[in-house]
Amino acid sequence: MAIRAMETFEGPARVLIVEGHPVLREVVRTACDASPLLHVVGEARTGEEALEACRTVEPDVVLLDLTLPGMDGLEVARRLRGQGNDVRILVVSGRADDQTVFESIRAGVDGFLEKTASVRYITDALVRVAAGERVFTRDQERAAIAELGRLARRAREASGLVPSITPRELEVLGHLSRGLTMRQVASRLGVSIRTVETHVAKLYRKLGASNRVQALAKATDLRLIDLG
Amino acid sequence: MAFTAMTKPQASDGPVPRRPPTRRLGVVVVDPLPVVRAGLSLLIGDRPDIDVLAEAGTAEEAVEAVRRIRRSQVVVLVGLGLDGEHDSYWLIRTVRERFPGMAVLACGAKADPTAISRALFTGADGFVDKNADPVEFLQSLRKVASREMVLAGPPTEWVGAIAEGIERRRMVEIALTEREREVLRVAAEGLTARQIAIRLGVRERTVTTHLARIYSKLGVGTRVAAIRAAAHAGLVSVGIPE
């Protein structure tokens, strides 16, 4: 985990709270006020206010809600980085799906918390991020990397370069090669038969096959599977 | 990856066959440096569940070796240091096209985000830094074999830069025709329009027309700027300062 140049610590970190919800804003402010290491220098309710506050109060660290009225938190982070502002940014988000985590890391934030985190944990994370640490869980890093892989695959396919088999399709293919029916594959994967049929149709197209026997023969040829 | 069965299989389908035990992994080690190949082979061959199937020092040797392999669960480990017309990216793309069943893990010692973007775009399932610790290195091989994306070594901050690199490349790939990309690649070798024409077997006039169209598509005014843009997008290899 790379750490940005650790600054000599002078007094509490100056915090800007960007949160659309008044109650949450109040809760976080109270928690920060209770910490000798944090000093709230401003609050913002919208993305526009946040950008303005970053210019005027020059915080050390921004606690950034992603769901804001108008310009959302991700856009705020992108614009700050686009302006060359390297203020530390800690995201608090109600959503923590792969895509959201990936887009946050891509936008250049320094940490990511879910809104379900305890207030105590949020202030701890603020102190760590202000000190130059990056606060992401292993799962979040994994999610971002997986999403990066999807981005590469989509880009490749959009450029008509190489059709690639997705991990899920490979899994379906493996089950089919062991003689499972579509229904059995569906139950094994915990998805609907319809979904399996879609995977199979895509596989046929990518393999240039029109039935299961052809598809399996082709897949064996391509070393996708072993047929005993 | 969820294996949880939400519904029980219907009785009419009969019993679901058991999943066979995990298969042994086969690895093809490709790197221009014999010492690196030897080191990697030692590390990998030492594991009871992984076999080194072949070693190759050039892209052509690698393709030749890969073609002879008749098994699944194969990872082609491609060092990013192969040069020349058939460089590492050519190899990655070739394996991806001709042997889509094989996983490709790119591997480098001083790779920058652009090199990693390029490897991923051309078809690598992941990237591992040569300085990664052995345990992580071996885990990376197993992960890509099951097509799980791997980025082992580079800091998470690089995710953004790598993603941008992929997007840039996509824009260039979509904007330019195959012939235009070819012209640009040859131009990056420093050839004149006449030399490019000879190389591609077309008239000089055709080449200048291609070049003009490339400039306008890339929004640049000079050949140097076009090559720079292409290099930045990972389309061609030239030493770019920055």
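Visitor: In which sense do E4(B) and strand E5 (residues 126-129) of chain B pair, and over how many bridges?
Guide: This is a predicted model, in which local features need pLDDT of at least 70, side-chain atom pairs count only at pLDDT 80 or more, and totals for chains, interfaces and linings use all residues. Residues are numbered from 1 along each chain as its sequence is written, while chains are lettered from A and ligands numbered from 1 in the order in which they are written. Helices (H or I, at least four residues) and strands (E, at least two) are DSSP runs numbered from the N terminus, and two strands pair if DSSP finds at least two bridges between them. E4(B) and E5(B) pair in the parallel sense, over four bridges.

Visitor: Which residue of E5(B) stands opposite B:Ala106?
Guide: B:Ala106 belongs to E4(B), where it is also the bridge partner of B:Val78. Towards E5(B), B:Ala106 stands opposite B:Phe127.

Visitor: How many bridges join strand E3 (residues 74-79) of chain B to E4(B)?
Guide: The two strands run parallel. B:Val76 stands opposite B:Val104 in E4(B). The number of bridges joining E3(B) to E4(B) is five.

Visitor: Which helix makes a β-α-β unit with E4(B) and E5(B)?
Guide: E4(B) takes part in a right-handed unit with E3(B) and helix H3 (residues 88-98) of chain B. Right-handed means that, with the strands pointing away from the viewer, the path from the first strand over the helix to the second runs clockwise. The unit with E5(B) is right-handed too, and its helix is H4 (residues 113-122) of chain B.

Visitor: How many residues of E4(B) are buried?
Guide: A residue is buried if 20 or more other C-beta atoms lie within 10 Å of its own, exposed if 12 or fewer, and partly exposed in between, with C-beta atoms placed from the backbone. In a regular strand the side chains alternate between the two faces of the sheet. B:Ala103, B:Leu105 and B:Cys107 point one way, B:Val104, B:Ala106 and B:Gly108 the other way, and all are buried. For E4(B), residues 103-108, the count is six of six.

Visitor: What are the edge strands of the sheet in chain B?
Guide: The open sheet has six strands in the order E2-E1-E3-E4-E5-E6, with parallel pairing. An edge strand here pairs on one side only. The edge strands are E2 (50-56) and E6 (150-152) of chain B.

Visitor: What angle does the direction of helix H1 (residues 34-45) of chain B make with that of E2(B)?
Guide: Axes are lines fitted to C-alpha atoms, for helices over the stretch in contact, and angles run from 0 to 180 degrees between N-to-C directions. Contact means C-beta atoms, placed from the backbone, within 7 Å. H1(B) packs on the sheet and touches E1 (25-30), E2 and E3 of chain B. Its direction makes with that of E2(B) an angle of about 165°.

Visitor: Which residues touch the most other members of the largest nonpolar core?
Guide: A nonpolar core is a set of buried Ala, Val, Leu, Ile, Met, Phe, Trp, Tyr and Cys residues joined through C-beta atoms within 7 Å. Beyond four places in sequence, the contacts of B:Val76 are B:Val28, B:Val30, B:Ala62, B:Val66, B:Val95, B:Met102 and B:Val104. The core has 101 residues, and those touching the most other members are B:Val76 and B:Leu105.

Definitions and conventions
Contact = placed C-beta atoms within 7 Å.
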